[in-house]
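I opened my notebook to look through a protein chain piece by piece. Come along and check each entry with me.

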Amino acid sequence: MSTCRNHLARARMIAAFALTFASLAAAVQIAMAVPASGQVASCSSPHCYSYGYASGRYAGLEAQWHDESLVIPASEVSVEYHMSNEMWLLINSNTGQWVEEGLIRVCSVFPFSSGTCASNGGGTTYEQFWGDADDAGNIYFHPIEQLTADGDNHVYEIWDSSDGSNDDYDVYVDYSLVGTSTDQTASSGYEMNVGMELYSNGPNSSEHSGTFDNYPEVYKNSTGVWSAPSMVGSVTDGCDVDPQGECFNGALYDSNQEWADSKPS
């Protein structure tokens, strides 16, 4: 996907069609990446990450955080760059499959095959979304709802509740079902990640965020309960110093059960 963070050296596909909010249920292929396990890289191009992670046979991942700001210039959104605070459940290391969910600052028409965000009738938006990858390397983006960065708290959840009888992962926001990933090939994953992603041509002082506090829990079929993982962290080069903080200055708190982004350095 990029020299910044290429999970298992797999190339990602970019769709040749656009998505409008008139059809939120449609699934579209995109070029969004998933963090590799605990690697630290420069953010020269094009993905940068700040995240906490833990390894285990997880059939579910839940996390909550507030609707804090995600700021990326319209000129960058115009060419499909984006910034997100989200979580990833890594499902199958052999096929590179995963399911992700969270908040993103992106073009409201996403993705588009040519032109710019504006020329495709879109503008910068802030929204909840989820995405997944199938075993052929195709990646799909599913918008959920446009929001404002009003500081409200939301709970995000990805869970295969079948106890191993199928490979379908239901996706929830505030405990309401918003979608199902039906293209996975395992009923439990091997790692969870929670934190931030920046897709751009490198961090700069125009890119920053609010102070996200991410509180994840994981579910194992072997125990049948949700519990807080003990995470370790990986932080890439931080965004340049900005009056509102460094968006990738991440840190672990609360006995490694909270991953916090954009904290003072």
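These are my entries, from the whole chain down to a single residue.

**Entry 1: the whole chain.** I noted at the start that this is a predicted model. I looked up the elements and found 1 helix and 18 strands in the protein chain. Of its 265 residues, 57% are buried. The chain exposes about 9900 Å², and carbon and sulfur atoms supply 47% of that area. I also looked at contacts between residues at least 6 apart in sequence: 70% of them join residues at least 24 apart.

**Entry 2: strand β2.** I picked β2, which spans residues 47–55, and saw that 8 of its 9 residues are buried. Which strands does β2 pair with? One is β12 (residues 191–199), in the antiparallel sense over 9 bridges.

**Entry 3: Gln128.** Next I went to β7 (residues 124–133), where Gln128 lies. Is Gln128 buried or exposed? I wrote down buried, because its relative accessible area is 2% and the cut-off for buried is under 20%. Then I listed what Gln128 touches, leaving out residues up to four places away in sequence: Gly102, Leu103, Pro143, Ile144, Glu145, Leu147, His154, Tyr156 and Val173. With Tyr156 there is also a polar contact, side chain to side chain, at 3.4 Å.

Notes: Residues are numbered from 1 along each chain as its sequence is written. This is a predicted model: local features need pLDDT of at least 70, side-chain atom pairs count only at pLDDT 80 or more; totals for chains, interfaces and linings use all residues. Side-chain values use heavy atoms; hydrogens and water are left out. Buried means under 20% relative accessible area, exposed over 50%, partly exposed in between (1.4 Å probe, protein chains only). Helices (H or I, at least four residues) and strands (E, at least two) are DSSP runs, numbered from the N terminus. Two strands pair if DSSP finds at least two bridges between them. A polar contact is a pair of N or O atoms within 3.5 Å; within protein, one must be able to donate a hydrogen and the other to accept it, and residues adjacent in sequence count only if both atoms are side-chain atoms. Contact means heavy atoms within 4.5 Å. Accessible areas come from the Shrake-Rupley method with a 1.4 Å probe; for residues, only the protein chains shown count as cover.
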